[in-house]
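The entries below follow the order in which I looked.

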Amino acid sequence: MIRVLLLGGTTEASQIAQLLANAGIEAVFSYAGRTTTPVSQPIPVRVGGFGGVAGLVSYLRKAKITHVLDATHPFAAQMSCHAIAACAETGIPLLAFERSPWKPAEGDDWRSVPDVPRAVAALPSAASRIFLAIGRQHIEIFSARPQHEYLLRLVDAPAHPLPLPQAEIVIARGPFTIEGDAALMQAHRITHVVAKNAGGTGAQAKLDAARILGLPVILIERPAIPPRPVARTMKEVMAWLLHPTRLGV
């Protein structure tokens, strides 16, 4: 019998959850717990961390998991590394669903940086209006550049005051549209966009809007993750679960 642990939190994870439910495959959807209003799922859900690699190993064994699907955000590197280590220790097969990273198109003005501190360093010295489209985890580091006015788009309202002296918050959940993001940037007179290279379509609109408006983008590249089997389509995911010998990943 197949029993899947689906490490989720992305649009694609929700799509996989629906496929698993439709196929009658027993599965558990795991949320990290960073969002107070997670999307409802058609399969059982658990929320919160596992307690490192040892905790994940213990959970996999107790829950009798036979397969692990990692469909976390491309920047959730710690969870992905823990999944690789735990599956190696238990011998449980692991497959990661990875979005292809965004690539610049004609008219894009992108500056690629390897991490968040480099993104802060790449901001202009003169006071500017920054669309900080990176979520809420790494906001504090941008307080090193207090001369800027920041626009943040978050899924949940923050529980505590932001560590930025000049900031506005928009509460919204994607997917977003090019027209909507262009209007948002114009309304807030944005001069620069900071984003993570998450890939996918749900959050790409801000980059397309920046191209249309001629705005520079500071794009944070993905953290390195050890080699692992990867799928890039839903068809590959289901083939791996149901017909693993037919799939080379």
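**First sheet**

I began with L5, whose bridge partner in β2 is V28. The model is predicted, so I kept the limits in view: local features need pLDDT of at least 70, side-chain atom pairs count only at pLDDT 80 or more, and totals for chains, interfaces and linings use all residues. Residues are numbered from 1 along each chain as its sequence is written, and side-chain values use heavy atoms, with hydrogens and water left out.

I noted that β1 (residues 3–7) and β2 (residues 26–31) pair in the parallel sense over five bridges; two strands pair if DSSP finds at least two bridges between them. Strands here are DSSP runs of E with at least two residues, helices are runs of H or I with at least four, and both are numbered from the N terminus.

I then traced the whole sheet: it is open, with six strands in the order β3-β2-β1-β4-β5-β12 and parallel pairing. I found β3 (45–47) and β12 (230–231) at the edges, each pairing on one side only.

Helix α1 packs on this sheet and touches β1, β2, β4 (67–70) and β5 (94–97); contact means heavy atoms within 4.5 Å. The direction of α1 makes about 165° with that of β1. Angles run from 0 to 180 degrees between N-to-C directions, and axes are lines fitted to C-alpha atoms, for helices over the stretch in contact. I also recorded helix α2 (residues 52–62), which packs on the sheet against β1, β2, β3 and β4, at about 150° to the direction of β1.

**Around α2**

Which residues of α2 are buried? I listed G55, L56, V57, Y59 and L60, where buried means under 20% relative accessible area with a 1.4 Å probe, protein chains only. Their cover includes β1, β2, β3, β4 and α3 (77–90). Just after α2, I noted a positive phi of about 55° at K64.

**α1 against α7**

I looked up the packing of α1 (residues 11–23) with α7 (residues 234–242): the angle is about 45° and the axes are 11 Å apart. That makes α1 oblique to α7, since angles under 35 degrees count as roughly parallel, over 145 as roughly antiparallel, 65 to 115 as roughly perpendicular and the rest as oblique. The α1 and α7 crossing is right-handed, meaning that the near helix is turned clockwise from the far one by less than a right angle.

On the α1 side I found E12, Q15, I16, L19, L20 and A23, which meet M234, V237, M238 and L241 of α7. The contact residues of α1 with α7 divide into eight nonpolar, one polar and one charged. Ala, Val, Leu, Ile, Met, Phe, Trp, Tyr, Cys and Pro count as nonpolar, Asp, Glu, Lys and Arg as charged, and the others, Gly among them, as polar.

I traced another open sheet of six strands, ordered β6-β11-β10-β7-β8-β9, with parallel pairing. Its edge strands are β6 (110–113) and β9 (167–171). Within it, β7 (residues 129–133) and β10 (residues 192–196) pair in the parallel sense over four bridges, and L132 stands opposite V194 in β10. Helix α5 (residues 178–187) packs on this sheet, touching β7, β8 (149–154), β9 and β10.

**α5 against α6**

Last, I checked α5 with α6 (residues 205–213): they pack at about 60°, with axes 8 Å apart. That makes α5 oblique to α6.

Key: Buried means under 20% relative accessible area, exposed over 50%, partly exposed in between (1.4 Å probe, protein chains only).
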